[in-house]
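This briefing sets out selected geometric features of one protein structure. Please consult the sequence and the three-dimensional view while reading.

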Amino acid sequence: MNEEQRSLLLKTSSRFPPPQGVKLSYGTAGFRADASILESTVYRVGILAALRSLKTKSVIGLMITASHNKVSDNGVKIADPSGGMLTQNWEPFADALANASDPEDLVRLIIEFVKKENIHFEGACPAEVLLGRDTRPSGGSLLEAAKQGISSIVGAIALDMGVLTTPQLHWMVRARNKGMKASEVDYFEQLSSSFRCLMDLIPEGSKINEMGDKLIVDGANGVGGEKLAGLKNMLNSPVIDVRNSGKEGGVLNEGVGADYVQKEKVVPVGFGPSDVGLRCASLDGDADRLVYFLVLPKDNKIDLVDGDKILSLFALFVKEQLAILNTNGNEKINNYYHACLGVVQTAYANGASTDYLKKQGLEVLFTPTGVKYLHEKAAEFDIGIYFEANGHGTILFSEEFLCWLEARDNELSSMSKGSEQQKAASRLLAVSKLINQAVGDALSGLLLVEAILQHMGWSIHIWNALYQDLPSRQLKVKVVDRTAIVTANAETVVVKPPGLQEAINAEIAKYPQGRSFVRPSGTEDIIRVYAEATTQDAADSLGNSVARLVDKFLGFGSSS
């Protein structure tokens, strides 16, 4: 690092002193906190993004959002060249950078890291970072702090892409690094054109029965509602009624949004008795989560159609298209591509969904909790589908499979255009363009759900009846030291302390279809308990029994 670069870092960082007595940690969601204490952190993440760009010789993304958190919070996270999340290898450096005590300490950390990572400041490619933010009032000032951080690396370029959903920014980073056009207009055009393609390929006679073509969407008073209001004008169908778009004066994520709907299982603000039985959906604050729901006749309750059921719908459709594509007929065997289709879940997926998927002949794998683990495992398949119950998920297609699929589609178009095989190839290509392969995206997911329901001729009632969720209970137990518990098999089995898993197994055995696991929190000294059984009373009882076991082995009473 030359003296010019060092002086610039010292000068700019002195304008952004870190908050006293606050220690921040970069997790799956990046840094999140009350917006009033984040300027220093966002400035430093700007530096991080520029360094990541220099290291990878690629465009990097920086998104300012706190997703489903309350409006007074904000956050910041990095999108890597693939459009995915920041590589886990850099997370410790992100933590150290955010918590450096003063400018000298900050520069020392950067010098050490740059040397370790062999990053060259004088390379041919200057750092380039795309910036986005959601609709939070604090976003503007934090964006300026990010720009200052990026600009403190000599030659770095910061491109403000405006107010965006988080998935839009991830999509733009991925597109730019693939040499594609990457504006918001390009994003909307790709989604709408691939959606129209799927709708044009719907089998004759398929249409959503009884509930018609109308979809009512809760936009969480956030950026997703605002963007969907514009996107729906580019579509011929379905008829989309956007509520809580943020324009009606509601508060972001307050009594609205996918996180609220999924956890509380009650109707969001703006929905009521007139919506009973209609197809409804909810986005979260930055539009990377999606759930559907039905309003029930009383008590503001809903029937939730969560990420597990979205995954099931996607998996059934993709499996059906692959089966059509690989129908033997009179074709030569060398035209086949035996695509490997995999479904990835975490232990929090409802057991009924896993059983259903396996009964459909699908390969189901489990990873530890966290989108980064799901995404990584899904990428190992030709087609990998992952979702969390909270509505965050997507479909990944391997480059090798897509190259074959495009060639096959062209071949079938010239030989047998309009055949069922050619339509199946075109549908899968359209899905690969409609779904956001960088990250979970509520807008692209919503359009894919709508297209598949039309294709199947299913109402939301038929979709929801694929399987019945098993009742479950989630609990938290305060412990002396959460690191005392060690798990294996995607967090479903306790390895340490000895004897705890055997005790849990004994409790599970008392309940029909009982299932329970425990895992340490990533941020605080608590152990999370999940329990599932055939009735709610049984799930509650199993959860409480396992919580007592955790307290006995690891709680405050165990240390006396």
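The structure is a predicted model. The secondary structure of the protein chain amounts to 18 helices and 19 strands. For 560 residues a compact globule would have a radius of gyration near 24 Å, and the value for the protein chain, 24 Å, therefore agrees with that expectation.

**Overall dimensions**

- The C-alpha trace of the protein chain extends over about 70 × 65 × 55 Å along its principal axes.

**Packing of helices α1 and α4**

- Two packed helices are described by the angle between their axes and by the distance between those axes.
- Helix α1 covers residues 3–13 and helix α4 covers residues 103–117; their axes come within 9 Å and cross at roughly 140°.
- The crossing in which α1 passes α4 is right-handed.
- On the α1 side, the contact is made by R6, L9, L10 and S13; on the α4 side, P103, E104, L106, V107 and I110 take part.

- Strands of a sheet pair through backbone hydrogen bonds, in either a parallel or an antiparallel manner.
- An open sheet is formed by three strands in the order β15-β19-β18, with antiparallel pairing.
- Its edge strands are β15 (472–478) and β18 (515–520), each of which pairs on one side only.
- With direction ignored, neighbouring strands of this sheet are turned against each other by 15° on average.
- Seven bridges connect β15 with strand β19 (residues 526–532) in the antiparallel sense.
- R473 has A531 of β19 standing opposite.
- Helix α18 (residues 536–554) packs on this sheet and touches β15, β18 and β19; the direction of α18 makes about 20° with that of β15.

**Four-stranded sheet**

- A further open sheet consists of four strands in the order β12-β11-β13-β14, and its pairing is mixed.
- The edges are formed by β12 (363–366) and β14 (393–397), each pairing on one side only.
- From one strand to the next, the twist of this sheet averages 20°.
- Strand β13 (residues 383–387) pairs with β14 in the antiparallel sense over five bridges.
- T394 in β14 is the bridge partner of Y386.

**Cis peptide bonds**

- The peptide bond from S237 to P238 is cis, and its omega is near -5°.
- P238 is located in the loop between α8 (223–231) and β7 (239–243).
- K496 and P497 are likewise joined by a cis peptide bond, with omega about 0°.
- P497 is placed in the loop between β17 (493–496) and α17 (500–508).

**Positive phi**

- A220 is a residue other than glycine with a positive phi, near 65°.
- The position of A220 is in the loop between β6 (214–218) and α8.

Methods. Residues numbered from 1 in each chain as written. Predicted model: local features only at pLDDT ≥ 70, side-chain atom pairs only at ≥ 80, totals over all residues. Heavy atoms only, no water. Axes fitted to C-alpha atoms, helices over the stretch in contact; angles between N-to-C directions. Helix = DSSP H or I, 4+ residues; strand = E, 2+ residues; numbered from the N terminus. Left-handed = near helix turned anticlockwise from the far one by under 90°. Contact = heavy atoms within 4.5 Å. Pairing = 2+ DSSP bridges. Rg over C-alpha atoms; globule rule 2.2 N^0.38 Å.
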